[in-house]
Amino acid sequence: MKAVARTTIILVLIIVAAVAGALIYYYSTQPVAEWKIGIVYDIGGRGDLSFNDMAYLGGNRAAKDFNLKLVEVQSKSESDYLPNLRSLAKSGDYVVIVAVGFLMADAVSQVAEEYPNQLFAIIDAVVDKPNVLSVVFKEHEGSALVGALAAMVAHYYNYSAVGVVLGMEIPVLYKFEAGYYWGIRYGEAKYAERAGVNITPLTILWTYTGRFDDPAGGKTATQAQLAQGAGLVYNVAGATGLGIFEAVEEYCASRGRTQGPPFGIGVDADQDWIKPGFIIASMMKRVDVGVYTAVKRALEYRDGKIQKYGGILELGLAEGGVGVSSVEDLDTFLSIAEQAGKTVNKTDIIAKVQALRNSIPSWIWEEVAKLQNELKTNKNIEVRGVKFSDIEAAIPLDASEIQQIRQALGA
């Protein structure tokens with residue numbers, strides 16, 4: 001009887017050991033597809049044709065390339081940030097959790113402390129935690145490109161000024177200013193060279209509205225700049241900048257025009273769709289590149305290929321982090337919006353944007369592309385005694401430093 005019991009026990013132990021071994025083998029050989037990417041969207045959500053849709057684009061591409069599952073979480077209000085981040089972090093299933101937008105900085109900081117073994121990334125903000133990758137952008141580089149475009153287009157249409165409407169006067173916006181002004185002076189010098197004409201330097205107009213959520217204020221500021229001869233006005237004011245596009249469209253409509261000039265210039269995302277035919281281009285901050293890079297870096301850290309994950313990841317022209325919008329970007333962007341349930345007349349929008357771009361001499365677009373390629377490796381290009389490297393070296397700019405740049409570049 002004892003022998004039978006002993007045999008039974010041995011058989012049970014063998015079975016348990018076999019099952020345990022099988023489980024260990026199973027989990028140790030499971031593909032990375034069992035792991036996930038988490039994206040917590042800001043309150044704008046998918047279909048916003050802005051940061052959230054671009055974050056999805058990067059996350060979706062990373063999921064396919066690295067054989068991961070993409071999990072999307074929508075925030076209905078700011079009070080959702082903490083619980084949304086926590087619900088993902090506590091599962092332990094995520095290679096990285098991405099928070100879209102600077103408004104989530106405090107929530108990411110708190111949850112990163114609560115879950116120190118979970119990797120996070122935040123877009124457009126800096127959170128100083130070892131398990132958080134802060135993805136920010138070289139806005140001055142992208143702004144230089146749209147500045148050059150603005151100057152050449154303004155001279156082509158015989159305007160005397162170009163402008164920029166900004167939100168709150170904070171250091172990050174000084175980066176936009178400095179790059180834009182430098183690009184304007186570069187662009188008009190290039191226009192004189194290519195067109196073989198003498199030019200009168202453009203007047204550069206700038207207005208701080210003090211807010212990022214005041215379209216009416218943005219419209220008023222733009223109307224004032226248009227009255228002073230501005231042919232293009234750059235949006236560096238968030239939602240306040242929607243007023244720029246309204247002002248430009250109304251100005252053109254009052255003169256019987258269905259297309260600019262004058263033009264607005266979009267910012268952050270591809271905003272060309274908002275008022276197609278009246279927005280010449282947008283300075284894009286490629287959130288998709290930031291999300292994709294964060295996932296790649298998280299995997300490399302997890303696999304021991306790099307020793308540090310957290311810190312600041314600054315993306316510029318060389319990294320594909322900023323640039324001037326293209327019709328191809330717009331096509332991709334509108335397709336994503338349709339997938340998210342947004343109703344857009346894709347064919348009509350693209351046709352109007354393409355018609356606008358075709359109305360500008362192709363050599364102007366070519367010069368912008370040349371500048372983009374050159375700035376990736378050469379920051380010593382000089383205009384009016386200011387090298388682009390001088391601007392980069394001074395960042396983060398303070399109020400006195402941006403004033404010096406304004407004076408040097410004649411803003």
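Modeller: In this predicted model, the buried residues of α14 pack against several elements: the helices α6 (171-195) and α13 (388-394), together with the strands β7 (203-208), β13 (382-383) and β14 (386-387). The helix α14 itself comprises residues 399-409, and its buried residues are Ile-402, Ile-405, Arg-406 and Leu-409. These four cover an arc of only 105° around the axis, and they therefore lie on the same side of α14. Gln-404 and Gln-407, by contrast, are exposed on the other side of α14. After the helix comes Gly-410, which has a positive phi, near 70°.

Helix α4 spans residues 105-114, and its buried residues are Ala-105, Ala-107, Val-108, Val-111 and Ala-112. Viewed down the axis of α4, they fall within an arc of 155°, so they line one face of the helix. Asp-106 and Glu-113 are exposed on the face turned away from the buried side of α4. Among the elements that cover the buried residues of α4 are α3 (81-89), β3 (94-100), β4 (120-123) and β5 (132-137).

Helix α7 (residues 215-227) packs with helix α8 (residues 242-253) at an angle of about 45°, and their axes are 7 Å apart. The two helices are therefore oblique to each other. The crossing of α7 past α8 is right-handed. Residues making the contact include Pro-215, Thr-222 and Leu-226 of α7, and Leu-242, Ile-244 and Tyr-251 of α8. The contact residues divide into seven nonpolar, four polar and three charged.

Methods
Residues are numbered from 1 along each chain as its sequence is written. This is a predicted model: local features need pLDDT of at least 70, side-chain atom pairs count only at pLDDT 80 or more; totals for chains, interfaces and linings use all residues. Side-chain values use heavy atoms; hydrogens and water are left out. Buried means under 20% relative accessible area, exposed over 50%, partly exposed in between (1.4 Å probe, protein chains only). The arc is that of the directions from the helix axis to the C-beta atoms. Contact means heavy atoms within 4.5 Å. Axes are lines fitted to C-alpha atoms, for helices over the stretch in contact, and angles run from 0 to 180 degrees between N-to-C directions. Angles under 35 degrees count as roughly parallel, over 145 as roughly antiparallel, 65 to 115 as roughly perpendicular and the rest as oblique. A crossing is left-handed if the near helix is turned anticlockwise from the far one by less than a right angle, and right-handed if clockwise. Ala, Val, Leu, Ile, Met, Phe, Trp, Tyr, Cys and Pro count as nonpolar, Asp, Glu, Lys and Arg as charged, and the others, Gly among them, as polar.
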